[in-house]
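Walk me through this fold, from its overall layout down to single contacts.

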Amino acid sequence: MSSNLGKTIDKVLADTRSDESDVRSATAPHQHDFPYDREEEAQVTRREFCNFLGLTSAALFVGAAGFAGKAAFDARRTPQLPPSKIEGAETLAPGSSLNFRYPTAKDSAILVRTLDGELHAFGQKCTHLSCPVYFERAHQRLECPCHDGAFDAKTGNVLYGPPPRPLDPISLEVRADGEVWAVGREAGSSEVLL
Ligand code: FES
């Protein structure tokens, strides 16, 4: 019984070796034209895998950076606001101001014609604690009465006091007939309009 088993095993091993040698002898003539090296193939596969990981990581990074950039852009984007005529602006004398509402009836704003004749407009809310600013003629600047803050009448920049940032600027358009229109308002860094 055991001798039969031994013969069977010997035969299977012999057949296997024979099959391997048959394959080698059958492929040998093509080795020159199509060299095949298992070790080298494994290295290429690892290299390709590393390239794949690298490309995947780069794609993920670019995608994340794109989303972050879009979010930052959206946060700073000025919303599209409908133009609104500022009544009485065309006759405003240099060195004086008038109040108006923009972009909605709840949003108070101030228009200033400075001594050089230029027009400048801003949201009227002080950027400290939202008191309404007013135009102080003697010093030609916008002042806040609540905590003694002041802003430049041309730029809206803080001149002194506790306000942490400039007034919200309002874009103006002077039309051919002399009418003055408010056409846009910059959203403050922490203020949502509309
Ligand atoms: S609210 Fe204007 S300075 Fe405080």
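This is a predicted model: local features need pLDDT of at least 70, side-chain atom pairs count only at pLDDT 80 or more; totals for chains, interfaces and linings use all residues.

Residues are numbered from 1 along each chain as its sequence is written.

Start with the inventory. The protein has 2 helices and 10 strands. Both terms refer to DSSP runs numbered from the N terminus: helices are H or I with at least four residues, strands are E with at least two. Along the sequence the pattern reads α-α-β-β-β-β-β-β-β-β-β-β.

Now the sheets. Strands of a sheet pair through backbone hydrogen bonds, either parallel or antiparallel. Here two strands count as paired if DSSP finds at least two bridges between them. S5 and S6 share 3 bridges. In this pairing Tyr 134 stands opposite Glu 143 of S6.

Next comes S9 (residues 169–174). S9 runs antiparallel to S4 (residues 119–123), joined by 2 bridges. Ala 121 has Ile 170 of S9 as its bridge partner. S9 also runs antiparallel to S10 (residues 180–185), with 5 bridges between them. Ser 171 faces Gly 184 of S10. S9 and S10 form a hairpin with 5 residues between them, and Gly 178 in the turn has a positive phi of about 90 degrees.

How much of the protein is buried? Buried residues make up 18% of the 194 residues. A residue is buried if 20 or more other C-beta atoms, placed from the backbone, lie within 10 Å of its own.

The largest nonpolar core has 22 residues; Ala 109, Ile 110, Leu 111, Ala 121, Val 133 and Leu 142 touch the most other members. Such a core is a set of buried Ala, Val, Leu, Ile, Met, Phe, Trp, Tyr and Cys residues joined through C-beta atoms within 7 Å. S3 (108–113), S4, S6 (141–144) and S10 each give two or more residues to this core. S3 supplies the largest share, 4 residues.

Key:
A residue is buried if 20 or more other C-beta atoms lie within 10 Å of its own, exposed if 12 or fewer, and partly exposed in between; C-beta atoms are placed from the backbone.
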